[in-house]
Each structure stands twice: as C-alpha cells, then as structure tokens.
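Subject: Structure handover

Hello,

Here is the structure for your files. My notes on it follow below.

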Amino acid sequence: MKNIKFLMLIAFSFVLLQSCSNNDDDNDKIPPVVKSSMKLVQSFEENNHIIEFYSTHKNFMVGYNPIEVMVKDASTKEYYSNIEVSDFMPMMHMPNMMHSCPKSEKFDKKEGIAKGFSVFTMLGNKEMPWKLSFTYKVNDNTYKVENKEINIISPDRAMLAKGNKYFLAYIEPTNPIVGINNITTKVYKMESMTSFPEVKNYKILLDPRMPGMGNHSSPNNQPLTYNANTGLYAGKVNFSMTGYWKLNLQLENEKGEVILGNAIDENKDSSNLYWEIEF
C-alpha cells in the first residue's frame, strides 16, 4: 500500500510539473489582462500575426492620434501578452518627395498593449498615400512590417495649428464642457523630412472666440506653458457656452517674442494660427 501511495505521489508531481512547464511556454501568448479600450482603426496580417492599431476615432486623423498596438496569432487568434514596437515610421509619399511627421520615438508596453502616438500633418489619398513601417517583437522574435498603406482623414474641425515648420497638436480636452477646461498640446518643429523634435519652454497665448456670436471671447483663460514633468504645454480655456469656438493662438519663443500667429484687433478678427472646437 505504501508503494502504491508513493507511486501515485510521483505521478501527481509529474503532471503538476508538466502543467507548469506548458504554462511557462504559453506565457507570451495568453490573452492580456487589459485590452485596448479605444477603437480599432486598422489591422495588418504579417508573419502569421494580426497586428491591430487602435485610436480614439475610427480613423487616423490629421492632428494628434494616441495609438495602441496589439498583436495576435493569426491561427489561434490569441493575443500576445508581451509585445514591443519600435522604429515606428509613417511616411507621406508625394510625387517628388517623402516626409514623415511627429511621432513616438518609443512605444511604452504594458499587458499586451504597446502605446504611442502620431501627429499626422496632412491628408492622404491614392496619389499621395501615407505608408507605415515599423518593427515589432513577440516571444523574443523580431519582425518588420514595411510600407503598409494607412488612411488619414480630416477631422470636422482644425485640430493641428501649423506654420513656418511648427506644429501645435491639440490634445485635450476631447470632451469639453461649459466652463473652465484644462487644455494641453505638444509643439514640434520640422528639422528634416524625418525629424520633428519637440519644442520646449515656449509659451502659447490663447484667445478663444465665437465667430458666429459676434466674435466674443471669454474671461479667465490662461496661456499654455511647458511642463517638464509631463512634456506637455498646459493652460486653461473657458467655454462660456456651447457652440463653435475658434481658439486663436500666438506662439512665443523663450525670449517672449511672438514667432507665429497674430493678435486680434480692429483689423483682424482671427489669428492665422488656431484650433477649432464645436460641442
């Protein structure tokens, strides 16, 4: 009897060890605890994988786009729990040239999701498409995806203020309210066709107006200043009522000199640097 019990114990231990071993092998390909809460924009099938791109809208748009990437096995449809995305390079293919846009230099990773962003600077079409190349890693294996065409559409309102190679990408608020709102942006400057470094320590003057309501403004707005901890420019905007607002902007350099945008006066009812909001 003792021998039988001993043999049963050995058999149970073997099954337990085998189960643990199988779990270790599958650790990189189990459904992640957290899936993207954003909308699926586009997916590609490459290398027996399905690579999914998520963002806040159903399409990539001109302006700031948060991006989440998930990868699953094309056969089993199981998501990988540990993925990395690098060398992220959107390129606009024009007849005589190509250029990129501001984008994440590095994607953060957590529980099966790689998180980054891209600031698309213009629309794409069949004659001048945007194409995406990137590298991704799963199960310690590295793969490349090259020149996958992506769709970029125009939002209902202007969410990217630009001029003289500067790009001011509107980020928040995405759901504005009547009253005081926190407002954030990032600022970039084009140095080359593929280099768009962040601009730090500038200031953005803000003058919100309602063109359809006598071009009136609102009180208690605050300019956007740079926060080194977040990497964002942050300020306050007061929407005193619902409707269409034009957020007139002026960009000041570190010396306090206005280098982009004009003030509103009796001769000019808007700046040539602006965002638009309607809610």
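Of the 34 residues in the largest nonpolar core, the ones touching the most other members are I51, F53, F60, V69, F134, Y136 and I150. A nonpolar core here is a set of buried Ala, Val, Leu, Ile, Met, Phe, Trp, Tyr and Cys residues joined through side-chain atoms within 4.5 Å. Buried means under 20% relative accessible area, exposed over 50%, and partly exposed in between, with a 1.4 Å probe and protein chains only. At least two residues of this core come from each of β1 (39-46), β2 (49-55), β4 (63-73), β5 (83-93), β8, β9, β10 and β13 (166-172). Strand β9 gives the most, with five residues. Apart from this core lies another, of 25 residues, among them Y170, Y233, L249 and I277. In soluble globular proteins, nonpolar side chains tend to be buried together.

This is a predicted model, in which local features need pLDDT of at least 70 and side-chain atom pairs count only at pLDDT 80 or more, while totals for chains, interfaces and linings use all residues. Residues are numbered from 1 along each chain as its sequence is written, and side-chain values use heavy atoms, with hydrogens and water left out.

On the aromatic side, a search of the whole structure finds 15 aromatic pairs. Rings of Phe, Tyr and Trp (its six-membered ring) pair if their centres lie within 6.5 Å; planes under 30 degrees apart count as stacked, over 60 as edge-to-face and the rest as tilted. F120 and W130 form an edge-to-face pair, at 5.3 Å centre to centre and with 75 degrees between the planes. Because F120 lies in strand β8 (residues 113-120) and W130 in strand β9, the pair ties together parts that are 10 residues apart in sequence. F120 counts as buried at 1% relative accessibility, and W130 counts as buried at 0%. One aromatic cluster is formed by F44, F53, F134, Y136 and Y143.

A charge sits over a ring if NZ of Lys or CZ of Arg is within 6 Å of the ring centre and within 35 degrees of the ring normal. The charged end of K246 sits over the ring of Y274, 4.2 Å from its centre.

Now the strands. Helices (H or I, at least four residues) and strands (E, at least two) are DSSP runs, numbered from the N terminus, and two strands pair if DSSP finds at least two bridges between them. An open sheet of four strands runs in the order β6-β5-β9-β10, with antiparallel pairing. β6 (98-99) and β10 (141-150) stand at its edges with a single partner strand each, so one side of each has no neighbour in the sheet. Strand β9 (residues 130-138) is joined to β10 by eight bridges, and K137 stands opposite T142 in β10.

Elsewhere, two bridges join the antiparallel strands β15 (residues 203-209) and β16 (residues 222-227), with K203 opposite T225 in β16. Four bridges join β16 to the antiparallel strand β17 (residues 232-239), where A234 stands opposite T225. β16 and β17 form a hairpin with four residues between them, and G231 in the turn has a positive phi of about 75 degrees.

P219 is in the loop between β15 and β16 and is partly exposed, with a relative accessible area of 49%.

Regards
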